Amino acid sequence: MSQLASYTKLLMLSKQMRELAKQQQWESLATMEGERAALLAATSTINTALASAEISAIGACIRQIQECDRAILDYVTPWREHAEKLLSRLESKQ
């Protein structure tokens, strides 16, 4: 798989993860995060010998992936804080 194809797939997974976070599908989100992490680990560093158009396209993918990650955090953070409060209540009752 070419580097651009790998980053395009990472972007596709990131967009799907954003939708899962929006729908509060936490288990599916975690599963897809594992898939994305494995693909990212398998993706080597960007080869600077690539054509400038391909490097630019990879850069655009990375910026969009970062936007998806920020949106995911916007959905996950309030849920995580709520879960932490619930857990602390349960622990105080024991």
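## Contacts and setting of Q3

Not counting residues up to four places away in sequence, Q3 touches S44, T45, I46, N47, L50 and I58, where contact means heavy atoms within 4.5 Å. Q3 is found in helix α1, which covers residues 3-22; helices here are DSSP runs (H or I, at least four residues), numbered from the N terminus. Q3 is buried, with a relative accessible area of 13%, given that buried means under 20% relative accessible area, exposed over 50% and partly exposed in between, with a 1.4 Å probe and protein chains only. The C-alpha atoms of Q3 and T77, which are 74 residues apart along the chain, are separated by 31 Å.

## Basis of the values

The model is predicted, and local features need pLDDT of at least 70, side-chain atom pairs count only at pLDDT 80 or more, and totals for chains, interfaces and linings use all residues. Residues are numbered from 1 along each chain as its sequence is written, while side-chain values use heavy atoms, with hydrogens and water left out.

## Helix α2 and its two sides

The buried residues of α2 are W26, L29, M32, R36 and L39. Seen down the axis of α2, these buried residues fall within an arc of 130°, so they line one face of the helix; the arc is that of the directions from the helix axis to the C-beta atoms. They pack against α1 and α3 (52-92), whereas E27, A30, T31, A41 and A42, on the other side of α2, are exposed.

The 17 residues of α2 (residues 26-42) should span 24 Å at 1.5 Å a residue, and its end C-alpha atoms are 24 Å apart, which agrees. The expected span is 1.5 Å times one less than the number of residues in the helix.

## The largest nonpolar core

Of the 16 residues in the largest nonpolar core, L29 and I72 touch the most other members; such a core is a set of buried Ala, Val, Leu, Ile, Met, Phe, Trp, Tyr and Cys residues joined through side-chain atoms within 4.5 Å. Helices α1, α2 and α3 each supply at least two residues of this core, and α1 gives the most, with seven residues. Leaving aside its neighbours within four places in sequence, L29 is in contact with M17, L20, A21, I72 and V76.

## T43 in the loop

T43 lies in the loop between α2 and α3 and is buried, with a relative accessible area of 12%. The side chain of T43 reaches the backbone oxygen of L39 at 2.7 Å. Leaving aside its neighbours within four places in sequence, T43 is in contact with S6, Y7 and L10.

How values were computed. A polar contact is a pair of N or O atoms within 3.5 Å; within protein, one must be able to donate a hydrogen and the other to accept it, and residues adjacent in sequence count only if both atoms are side-chain atoms.
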